[in-house]
Amino acid sequence: MKKFISILIATVMLLLSVGIVSAAETGEEINLTRLNGNYFTAGSADPAYDASKAFDGVSSLDSRWATPANTDDEWLQVTFIDKVTVTAFQIDECKDWGSALDFEIQALIDGAWATVYEGTEIINEKITLSEPVDTTDIRLFVNAHSNGVFGTTIYEMVVFGYAEERTLLTKEHNFTATASTFEGEPYAASAAFDGVVGSLPNCESRWAAVANDVNSWVEVTFDQEVSLSSFNIIECTVWANVESYNIQVFQNGEYVTVHTGEKINGAVKLDQVYTTTKIKFNCLSIAEGRYPAITLYEIQYFGPTQSEITPPAGGDQPGENENPIPNPPTGDMNYVILVLVAVAVVTAYGVSKKRMTNI
């Protein structure tokens with residue numbers, strides 16, 4: 001009997017440990033810097049070698065992040081739409097003009113930057129953190145460089161970990177794009193949804209409104225209903241920049257504003273999921289003293305993640321006083337397993353005791 005109970009207890013511990021691992025590591029480790037909706041920034045950058053070029057999957061002199069000469073703001077950052085779990089990183093540094101002598105990997109935790117790794121030399125190898133970190137922002141911070149004149153140059157930075165991926169609606173569905181105006185065919189509305197993020201010096205793939213079209217707009221129409229939960233706008237600010245804008249969806253025969261913003265600064269999660277066939281970006285105002293028309297490299301509209309509850313289209317939906325039933329968290333299964341096995345232990349013990357009494 002003692003041996004039987006020992007086996008059951010060991011089984012309980014094994015099942016619980018499996019449940020705990022499943023809760024911590026859902027899915028496979030991925031390259032987080034390739035997630036839809038990421039926003040890349042840097043303390044400073046040469047205009048031809050901005051932060052995004054260190055996350056484009058290309059390692060070359062033409063595609064790299066480079067700080068201007070004689071600068072101290074040497075940090076490179078990626079911001080995610082959702083909280084992710086970071087497990088490792090890899091940095092490919094260009095050392096033609098010197099190299100980093102003292103650097104940190106920092107994560108934004110509870111509103112403050114925390115150092116999760118420190119090093120004295122950047123090597124192009126995958127480095128695993130001592131423990132996983134949950135964050136929305138991760139950055140490389142260079143404290144010292146071997147060349148005091150030329151700044152840091154990074155070919156590519158990769159961050160590894162776990163996250164829920166968002167669907168890019170214009171990639172998954174057929175659509176047409178229209179705009180209030182555009183400066184010739186190369187800069188038509190469709191260029192803002194082609195999946196190509198333009199950059200200096202050519203700025204080839206972008207939607208550009210004509211001069212004096214201050215309240216310009218660009219709209220995408222899908223061939224079926226889609227669910228919108230977030231968006232990301234990548235603006236070209238070479239000639240002008242947006243001061244205010246809104247995002248609208250077409251519902252019940254009219255446009256409804258679902259977000260109003262001041263300036264464009266990274267991805268935005270909406271307050272709820274909206275079902276629509278049309279999504280429209282409206283420029284409400286432009287910065288004074290600049291060219292009187294805006295240019296957008298890319299507009300990205302995203303569907304919901306698995307954890308965001310989306311009512312089924314045309315199906316039964318909860319009433320006003322009813323709450324939708326979400327999927328139970330993986331961690332709760334630990335307690336379900338514990339209860340079931342505990343019942344099994346008690347039942348087995350009772351049966352065993354009864355048999356011994358009858359002998």
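Modeller: Two strands pair if DSSP finds at least two bridges between them; strands (E, at least two residues) and helices (H or I, at least four) are DSSP runs, numbered from the N terminus. This is a predicted model, in which local features need pLDDT of at least 70 and side-chain atom pairs count only at pLDDT 80 or more, while totals for chains, interfaces and linings use all residues. Residues are numbered from 1 along each chain as its sequence is written, and side-chain values use heavy atoms, with hydrogens and water left out.

Colleague: How many helices and strands are there in the chain?

Modeller: The chain has 3 helices and 15 strands.

Colleague: Which residue takes a positive phi in the hairpin of strand 12 and strand 13?

Modeller: Asn-252, with a phi near 55°. That hairpin has 2 residues between its strands.

Colleague: And how many bridges join strand 14 to strand 11?

Modeller: Strand 14 (residues 268–286) is joined to strand 11 by 10 bridges, and the two run antiparallel. Within this pair, Thr-221 has Lys-278 of strand 14 as its bridge partner.

Colleague: How should I read burial, and what share of the residues is buried?

Modeller: A residue is buried under 20% relative accessible area, exposed over 50% and partly exposed in between, with a 1.4 Å probe and protein chains only. Here the chain has 359 residues, and 41% of them are buried. Strand 8 (residues 153–162) is mostly covered, with 10 of its 10 residues buried.

Colleague: Which strand pairs with strand 8 over 8 bridges?

Modeller: Strand 4 (residues 75–93), which runs antiparallel to strand 8. In that pairing Val-86 stands opposite Gly-161 of strand 8. Gly-161 is also the bridge partner of Ile-30. Strand 1 (residues 30–31) pairs with strand 8 in the antiparallel sense over 2 bridges.

Colleague: What about contacts?

Modeller: Contact means heavy atoms within 4.5 Å. Among contacts in the chain between residues at least 6 apart in sequence, 76% join residues at least 24 apart.

Colleague: Is Thr-170 buried or exposed?

Modeller: Thr-170 counts as buried because its relative accessibility is 11%. Thr-170 sits in helix 2. Leaving out residues up to four places away in sequence, Thr-170 touches Phe-175, Phe-193, Val-220 and Phe-222.

Colleague: How do I read a pocket, and what volume has the largest one?

Modeller: On a 1 Å grid over the protein atoms alone, a cavity is a set of points where a 1.4 Å probe fits but cannot get out; a pocket is an open set with protein on both sides within 12 Å along at least five of seven lines, and lining residues have an atom within 4 Å of a point. Points are joined across faces, edges and corners, and volume is the space filled by probe spheres set on them. The largest pocket has about 1,400 Å³. Its lining has 46 residues, of which Asn-38, Phe-40, Ser-52, Val-197 and Ile-234 lie nearest the centre. Strand 2 (39–42), helix 2 (169–172), strand 11 (217–236) and strand 15 (295–302) are the elements that give two or more residues to this lining.

Colleague: Which element gives the largest share of that lining?

Modeller: Strand 11, with 5 residues. Counting Ala, Val, Leu, Ile, Met, Phe, Trp, Tyr, Cys and Pro as nonpolar, Asp, Glu, Lys and Arg as charged, and the others, Gly among them, as polar, the pocket lining has 18 nonpolar, 17 polar and 11 charged residues.

Colleague: How many cavities of 30 Å³ or more does a search of the whole structure find?

Modeller: The search finds 1. The largest cavity holds about 80 Å³ of space. Its lining includes Leu-35, Asn-38, Phe-80, Asp-82 and Arg-166, and by class the lining has 5 nonpolar, 2 polar and 4 charged residues.

Colleague: How many disulfides are found?

Modeller: A disulfide is a pair of cysteine sulfur atoms within 2.5 Å. The whole structure has 0. Cys-94 counts as buried because its relative accessibility is 2%, and Cys-283 is buried too, with a relative accessible area of 2%.
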